[in-house]
Amino acid sequence: MSVDTPPTTTSRAARRRLAIARVITEISGPAVCAVTGLLVVAIRNAGSGAGAAWGGFAALFVAGIPMGYIAKGVKAGKWSDHHVADRTKRAVPLLIALASVAVCAAVLAAVDAPQELTALVLAMLAGLAAVLAVTHWWKVSIHAAVAGGLLGIFVILFGPWALLGLPLLAAVAWSRTVLDAHTWPQVMVGALLGATVAAAVFPPLR
């Protein structure tokens, strides 16, 4: 008669580690980071009421439409999950996101929306284009790229104090490696790519 072996301390720790990584991955998703940046910049420029409206409009095109398309694809069986883990299947959702963000940038520019908000959307557009180009050959981390870009934007807006967010960026990178979604080089290059594009595009346009 066999006796069940109680879970070891190591296995419990491993499960806890995976659970924490999953939570961090979900709350730091590209859509969440993008919406956070949009709302912060919109409210900073236009006051809480109008700022939230501009941020909400931009969030629909930057996050809502792309994520809606991905969710529909997951339901149809095109992708395994909303993170689109298979690199070879990321081109189409990235192109949809690119088109949606481009439309958003054009509308914001046409209606004379807050300049910093328009600049942020254009920086996001450039970041998406860079990620799309790299993804053609290599599975760079989109989570890390968007989080790195957001941190770069906040450093530009709020100064060195925003660097206190570096541990949060490190946590995002850690979560993706723990879940075996990316290697450390993929998350490090993603974070650097996002921050570099943000630093190059946002300041001259704001």
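Predicted model: local features only at pLDDT ≥ 70, side-chain atom pairs only at ≥ 80, totals over all residues.
Helices here are DSSP runs of at least four residues, numbered from the N terminus. Just past the end of α4, D112 has a positive phi of about 60 degrees. The helix itself covers residues 91–110, 20 residues in total. From the first C-alpha to the last, α4 spans 28 Å, close to the expected 28 Å at 1.5 Å a residue. Quite a list of residues in α4 is buried: P93, L94, A97, L98, S100, V101, C104, A105 and L108.

Next comes the inside of the protein. In soluble globular proteins, nonpolar side chains tend to be buried together. The largest nonpolar core in this model has 47 residues, and the members that touch the most others are L38 and V121. Helix α5 gives the largest share, ten residues. What does L38 touch, once its neighbours within four places in sequence are set aside? The contacts of L38 are G55, A58, A59, V62, L117, L120, V121 and M124.

V84 is not a glycine, yet its phi is positive, about 45 degrees. V84 sits in the loop between α3 and α4. Is V84 buried or exposed? Its relative accessibility is 4%, and buried means under 20%, so V84 counts as buried. D180, also not a glycine, has a positive phi near 60 degrees, and its place is the loop between α7 and α8. At 71% relative accessibility, D180 counts as exposed, because the cut-off for exposed is over 50%.

Finally, the aromatic rings. Searching the whole structure turns up three aromatic pairs. One of them joins Y69 and W79, with ring centres 5.7 Å apart and 55 degrees between the planes, a tilted arrangement. Y69 belongs to helix α3 while W79 is in the loop between α3 and α4, so this pair ties together parts ten residues apart in sequence. As for accessibility, Y69 counts as partly exposed at 26%, whereas W79 is buried, with a relative accessible area of 7%.

Notes:
Residues numbered from 1 in each chain as written. Heavy atoms only, no water. Helix = DSSP H or I, 4+ residues; strand = E, 2+ residues; numbered from the N terminus. Expected span 1.5 Å × (residues − 1). Buried < 20%, exposed > 50% of the residue type's maximum accessible area, 1.4 Å probe, protein only. Core = buried A, V, L, I, M, F, W, Y, C linked by side-chain atoms within 4.5 Å. Contact = heavy atoms within 4.5 Å. Phe/Tyr/Trp six-rings, centres within 6.5 Å; stacked < 30°, edge-to-face > 60°.
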